[in-house]
Amino acid sequence: MRPDSWSTSYLLRSPLGISTSTSNSSTCILRSSRDRPVDGRRRVSLAHNGPVRAAEGASMVGSDVRHGRPATPLRGRGADRGAVRGTLALVLVLALVAGGLAAWHYDVLDRFRGTDDAVAGPADPATVAPPTGVEVPEVGAPAPVAARSPRGGVDAAAVEAALAPYLRDRDLGRHLLVEVAPLTGARAAFTSGRGTAMPASTTKVVTTTAALLALGPDHVFTTEVRASGNRVALVGGGDPYLERGPAELDGSPWPYPVRADLETLAQATAEALRAEGRRRVRLVVDDSAFTGPAENPTWEDGYVSSGEAAPTSALWVDQGRVRSGLGRVADPALEAGTSFAQALAAAGVTVVGAPTRGVLAGAPVVASIDSPPLRQIVERALEVSDNDASEVLLRHVGVAVGGEGSIEAGRAGVRTVLRRAGVDLGASELYDGSGLSRQNRLDPSVLVDVLRLAASDDHPGLRPVVTGLPVAGFTGSLTDRMTEGPSAGLGRVRAKTGTLSSVSSLAGLATDVDGTVLVFALMADRVSLEKGLDARVVMDAAAAALGACACAS
């Protein structure tokens with residue numbers, strides 16, 4: 001039985017019943033070999049209270065917009081000039097439309113801003129100080145979004161009636177799979193279609209759940225500096241959010257969670273090196289924690305070159321993005337080494353020559369810095385649909401389960417940890433961690449089972465999978481979605497989005513008007529290209545209909 005608090009603060013909470021953050025703080029640990037306390041390490045705490053930014057999508061419109069007033073004809077030279085101006089205006093409009101579509105497809109604007117759909121905001125509204133001279137009352141517990149249902153079951157007929165108008169829509173294509181189940185207890189209340197479908201980014205629900213099962217919510221990824229003689233090694237620990245400096249290039253703080261950074265690590269390293277009389281060193285980079293191909297062989301050509309994803313590395317900064325403009329660097333580890341060398345120089349230690357690859361096995365650690373805890377990484381990856389972080393987490397599952405940070409070890413590890421937790425992938429096959437691979441196939445029941453597992457009282461360590469799901473109309477990749485269809489869906493639906501060419505999917509939780517929590521997966525993977533946006537609108541409306549449903553039995 002779900003706890004009473006789920007009808008108040010578990011599913012949706014904070015102002016208007018919505019939570020923009022669910023992990024208020026943590027500690028980013030910087031370690032140096034100098035000034036060590038009893039445990040041998042000096043710690044400098046960096047609060048993980050960065051602002052949350054929203055994510056992935058943009059608002060969509062249908063394709064049936066028409067404008068009907070005829071233009072007034074022009075005559076003479078004025079007509080010629082008018083025609084030229086009209087032609088230029090038309091060309092400009094077409095260019096803007098084409099540019100907008102390209103920006104939407106490749107998340108260009110979001111990548112430029114440093115997030116997948118970033119709207120700056122505090123991690124927790126309660127942490128924002130009021131203006132000077134303004135007194136505000138203490139923040140209290142929010143009111144429930146919906147009263148807890150006195151009934152525990154789900155009315156299958158009511159679910160079918162709520163979804164029927166949308167599932168019949170031809171915009172969803174010829175292959176549609178649906179499953180809706182109660183949060184606990186009996187199996188699916190409603191299913192439609194058979195087999196598996198291409199899941200797109202709903203794959204991240206499976207990857208992040210597996211990572212939490214394999215590593216635990218408090219696990220951190222450590223970037224180390226080892227030294228031997230005049231050689232120093234920057235050793236990557238697979239921190240997906242390691243950055244060059246403590247703030248973005250424009251000086252604004254990094255979005256939630258606050259990141260570990262190379263400048264801070266370089267300062268601690270320089271202090272330790274100077275204490276030992278070393279001011280000139282040669283630098284090597286060690287990214288050996290991950291093995292195998294850096295680019296997934298099942299991805300479409302152009303994912304990396306277009307900046308959609310980076311070559312996956314155990315050592316990178318800013319997820320392998322170029323310092324300015326768009327795109328990804330060819331070798332993220334060497335780029336991280338170059339950034340670290342510059343930071344060391346700024347801290348008073350000269351790096352001789354360019355960084356090269358190397359391993360200083362057994363050399364002592366002179367400084368290190370930890371990532372935010374995995375629970376916060378998972379929340380971020382799900383909220384903004386972070387492809388790069390998800391691929392890193394897949395490698396970490398491989399290391400934790402099979403002792404190898406490769407794609408294949410990660411795939412096997414995901415299947416193993418989920419099976420141990422009671423979720424059998426069966427005929428489903430996942431070839432990556434992000435959902436970019438068009439070879440991925442998932443049964444909707446797997447997504448439902450994983451979400452039920454993550455929401456279970458028996459697995460509190462998996463709760464970040466639920467709290468990281470975007471909230472319809474408010475956060476992440478659902479910020480500007482579900483604006484059509486039943487308005488009751490806004491704030492009542494949390495779901496992971498999935499979008500590829502000809503693919504639209506949603507998987508998440510909906511609290512209906514009775515207070516009953518429904519777990520759902522909606523998958524369409526044969527959508528015609530010209531109907532992609534329309535299909536997404538229909539898919540959103542179907543999920544919103546579950547929030548508007550009186551489906552308790």
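**Helix 4 and its surroundings**

Modeller: This is a predicted model. Helix 4 covers residues 203-215, and its 13 residues reach 19 Å from the first C-alpha to the last, close to the 18 Å expected at 1.5 Å a residue.

Biologist: Is helix 4 mostly covered or mostly uncovered?

Modeller: Helix 4 is mostly covered, with ten of its 13 residues buried. The buried residues are Thr-203, Lys-204, Val-205, Val-206, Thr-207, Thr-208, Thr-209, Ala-210, Ala-211 and Leu-212.

Biologist: Which elements do those buried residues pack against?

Modeller: Their partners are helix 7 (374-383), helix 8 (387-402), helix 9 (407-420), helix 10 (444-454), helix 11 (463-467) and strand 11 (493-500).

Biologist: Take helix 7. At what angle do the axes of helix 4 and helix 7 cross?

Modeller: The two axes cross at roughly 180 degrees and come within 10 Å. Helix 4 is therefore roughly antiparallel to helix 7.

Biologist: Which residues make the contact?

Modeller: Helix 4 contributes Lys-204, Val-205, Thr-208, Ala-211, Leu-212 and Leu-215, while helix 7 contributes Leu-374, Arg-375, Val-378, Ala-381 and Leu-382.

Biologist: And what follows helix 4?

Modeller: Gly-216 follows helix 4, and its phi is positive, near 95 degrees.

Biologist: Changing topic: what is the strand order in the open sheet?

Modeller: The order of its five strands is 4-3-13-12-11, with antiparallel pairing. Strand 4 (190-192) and strand 11 stand at the edges; each has a single partner strand, so one side of each lacks a neighbour in the sheet. From one strand to the next, the twist averages 5 degrees.

Biologist: How many bridges join strand 3 to strand 4?

Modeller: Three bridges join strand 3 (residues 176-182) to strand 4, and the two run antiparallel. In one example, Glu-179 has Thr-191 of strand 4 as its bridge partner.

Biologist: Which strands does helix 10 touch?

Modeller: Helix 10 packs on the sheet and touches strand 3, strand 12 (503-511) and strand 13 (517-524). The direction of helix 10 makes about 150 degrees with that of strand 13.

Biologist: Finally, the whole chain. How many helices and strands are there, and what share of the residues is buried?

Modeller: The chain has twelve helices and 13 strands, and 54% of its 553 residues count as buried. Among contacts with a separation of 6 or more, 72% come from residues 24 or more positions apart. The chain exposes about 23300 Å², of which carbon and sulfur atoms supply 53%.

How values were computed
Residues numbered from 1 in each chain as written. Predicted model: local features only at pLDDT ≥ 70, side-chain atom pairs only at ≥ 80, totals over all residues. Heavy atoms only, no water. Helix = DSSP H or I, 4+ residues; strand = E, 2+ residues; numbered from the N terminus. Expected span 1.5 Å × (residues − 1). Buried < 20%, exposed > 50% of the residue type's maximum accessible area, 1.4 Å probe, protein only. Contact = heavy atoms within 4.5 Å. Areas by Shrake-Rupley, 256 points an atom, 1.4 Å probe, with all protein chains shown as cover. Pairing = 2+ DSSP bridges. Axes fitted to C-alpha atoms, helices over the stretch in contact; angles between N-to-C directions. Parallel < 35°, antiparallel > 145°, perpendicular 65-115°, else oblique.
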